[in-house]
Amino acid sequence: MQKMKRRADNRTARRIVSNPSNRPFRGRSREVEIITEKLHTATSGTRVVLVEGAAGSGKSRLLSESQRIGRRHQLGIVHGRGDRTLQQIPLSSMLTGTVRFAPGLAEVLPTDAADWSYARHLNWMRALISDRIGTRRLVVLIDDLQWADPVTLLALRVLPHEFAGRAVTWVLARRPETDGDAAAEVFGRLAAAGAEYLLLEGLDTGLMHEVAADLLGGSTTDSRISTLVEGVGGNPALLEGLLDGLLEEGRVAVRDGVARLLGPDGGEWNGIPVWTGPLPARFRAIVSDLVRELDPEARQLVEIGAVLGTTFVPDEAAEMIQTSAGALLLAVRSGISAGLLTCSDSDDELSFSCEAVRRGVLQSIPAPLRTALHRQYAVVLAERGNPQSDATALSLADGARPRDAATIGALRDAAESLMPTRATTAVELGLRALDLTGEHDPERVQVAGTVARALLRVGPLSQVVELSEHLAHRAPAGDASATDLRTASATAHLLEGRYWRALAEIGDAGGTDLRGDPALVTLSALSHADPPEAERRARAIIAHPDVDPLVHSHASVCLARARWSAGHLLEALHFARSAVTPTPVWFESPLLLVAGLLTELCEFDEARSVLDEADSQLRSGSVTVLEGLPNLVRSRLEFSAGHSDAAIAAAEAGLAAAPGSEPGRHASLAHRSLALAALRADQLTAAAAHLERLRPLAGDEESATCAWVRIQFTAAGPSRSSLGTAIESVCRDPKLLRAVVREDGGAAAWLVRQLMKVSPANARTVVEVADELSSANPHVEVVGAAAAHARGLLDSNADLLEEAAGNHRDVWSAASADEDLARLAASPERAVDRLDHALARYKECGATLDMARVRRRLRRLGVRRRHWTYEQRPTSGWNSLTDTERQVSEMVACGLTNRQVAQRMYLSPHTIGFHLRQIYRKLGIRSRVELAGRNQVES
């Protein structure tokens, strides 16, 4: 049965790859909307859309989508396509499309070959369009205009102006070949006349992962396929060719909804990072086609460049080709225009558009010639006076022969020396050395340890674990090389938040030399997994008279974390401050810990200052996987301070710094901020997505962060009936409940508010936990405010709620205290005053849903507060929706009924039905299913 399921999963993936019409058109909704609006507009004037993008960016799919929309709305269609091989044949761009000759056109077609004059051709195009217009609107779609014939280009200079007063929309697409070609001139003229210009840039990482899921039948991807997805430069066509090829060759297994990359032979992957393996034949053929379209000089430059590296200097390419840099000018322009190469004004190097393209070009060169070219490049570099450079080492690596012990040793030494400053190059050198070793060579584990330690600095962290799982067991028990490899794997587990697995990986090695990495990693893991044991060990280390300063600093960090977990907040901050040193243990930043603790205590200004200092220190360490951490912590800070937009920006910047390699325990802060910001803005789909990303980051057991977001999502989502069960699961775990109350100043009051009617006993438990934390920290104002808020709610004590409203520094918590005070107000006037305070604070932190609830309460008191603004909007499409209509569409797409939406928005079901009809009209859809699909694309 399991085998049958796996086969079905793989068949589903193949079927979806082979049929693009089954897939959503990711990342191009804005462009589709603009074209749709042009097709429907009733105004006269220029209705021309110019689409430009590199090969594979989605131009043809966009034109196909335009054709589909046109047919659905019964528009006339004229479809043409440029063809490089037919470029000199007049009107070939129209004859190779889907043009069908209508009756009555025959008399304007030339019957004599000598009569194919430009005027005659132009008349034919004019007659074709006039005949097609008739009594209905017409859309003219022409793809690959860079290869259009001269007559078609002439027609496009003239006819859009001639038919400006008629119901004709022109959608023209081209690759950006060269600035001086004829198609570029036509584009320029039309743009100057007011045409809409759409540039299809590469899709971002998130959208590319969604495309991959579409291609793989909805499956999520393992870390190896994720690396491939992120290596194609945002090009959906390259990704399709890559995954389609892997499926065809049996190198992807879809099991239990997860797509996993297999080795070239269809067996399990051997632990080596994916770009060192062979690319599928289908993908290499796509890249070869792109290269073949270049002229011979540009093709030679691109192939030599692939040997030189992901980035290369034109001078070195010229020397390899034995020509001058000036002679490469046209070749460089062709490579850039074709989208294979890129350059910037601030750099003197050329780069490949993505690693996948470079590898595809490189693997298309016959292996013997490729090896010879690498050796030639190593000689060129040595002759240029830098025989010890990393580029020389890389060329030597690519030109080396298997099992050459001297070369393997030299490559490993070079990787070790480059690791502190150029870890990416160290990874490449180490991988090549590993590739040269035999499967059972004794030095293989030693080389793997070097690769793993370099990968710890640049990621992906998952590949460190894979190397250890694949190779560490091959070394004898107690072997130093195996210990190094396991320690690297444990460090990866630690950074990803899997603390018990880190401890299991290190085992007994963690109790030896205190200055060694195993002991440092063990103490860090214990400070998360078993704080009391970490505290015992840390105090013993600090008490030792001759302890090394580095070890003392590390022990103070772990002791600070243990004391925070025990609820002694100021003591924790003291130990964290004492741990600050210019050169801490690389995977623990005392400054970052100080900033995080200050954020929890709502000391926002000081936290920002310390974060800036931490940012500077981490960047100087050249550890890529840590460079985004300050922004991840900053996202939590800005969210607590009530600045949702700043929190979202910081979270996205932090996650983008090392996509797929960001340490899990810090990435959870970003997804927490993004999820809660989405919930406050009533964006359930986005909140659900971030909650899903948050769950795997919880590590060995559910974290307080994940639990807090989960129960808030349950309260806001369609399954609110299960809220009591969700909260009870937290209350049953004293350790988890204490952590939730400790880590969010508004959590205790929120929980009490939800529990007072359904479970008074659990409400009292929450208040007792908050009181206990406050008693242990009498000088921490925000903790006292949280306890007063929770107790004030339980006892209906206005004085305590007044104290909480005045002492909360978290804007949202202060707003909720104001709202709670309004319920106890002695007069309607006093209630309105408190609700106005709450409304202003909710608005400050972007809490849309809370604002709606407060306005409803004000309306019941006879007060209306204006909450809309007037702005210019289009008449149709997604951008035409009002904020209220977007809220309705979001909730309907999540499966809520009209009545449920009405309850959440504090409106009547009749009003929700009206909004829904407006949404259907503006988007041109007829059902909730269509709305859910459109909402998913827009999200």
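The lining of the largest cavity in this predicted model comprises 11 nonpolar, six polar and eight charged residues, where Ala, Val, Leu, Ile, Met, Phe, Trp, Tyr, Cys and Pro count as nonpolar, Asp, Glu, Lys and Arg as charged, and the others, Gly among them, as polar. A cavity is a set of points on a 1 Å grid over the protein atoms alone where a 1.4 Å probe fits but cannot get out, and lining residues have an atom within 4 Å of a point. The volume of the largest cavity is about 250 Å³, taken as the space filled by probe spheres set on the points, which are joined across faces, edges and corners. Of its 25 lining residues, Glu 600, Arg 742, Asp 744, Gly 745 and Val 782 are the closest to the centre. Helix 39 (781-795) is among the helices that each supply at least two lining residues, and its four residues form the largest share. Helices are DSSP runs (H or I, at least four residues) numbered from the N terminus.

Helix 34 (residues 704-716) packs against helix 37 (residues 747-758) at an angle of about 40°, with the axes 12 Å apart. Trp 708, Ile 711, Gln 712 and Ala 715 of helix 34 meet Ala 747, Trp 750 and Leu 751 of helix 37, contact meaning heavy atoms within 4.5 Å. These contact residues divide into six nonpolar, one polar and no charged.

Residues are numbered from 1 along each chain as its sequence is written. Local features need pLDDT of at least 70, side-chain atom pairs count only at pLDDT 80 or more, and totals for chains, interfaces and linings use all residues, while side-chain values use heavy atoms, with hydrogens and water left out.

Terms used:
On a 1 Å grid over the protein atoms alone, a cavity is a set of points where a 1.4 Å probe fits but cannot get out, and a pocket is an open set with protein on both sides within 12 Å along at least five of seven lines; lining residues have an atom within 4 Å of a point. Axes are lines fitted to C-alpha atoms, for helices over the stretch in contact, and angles run from 0 to 180 degrees between N-to-C directions.
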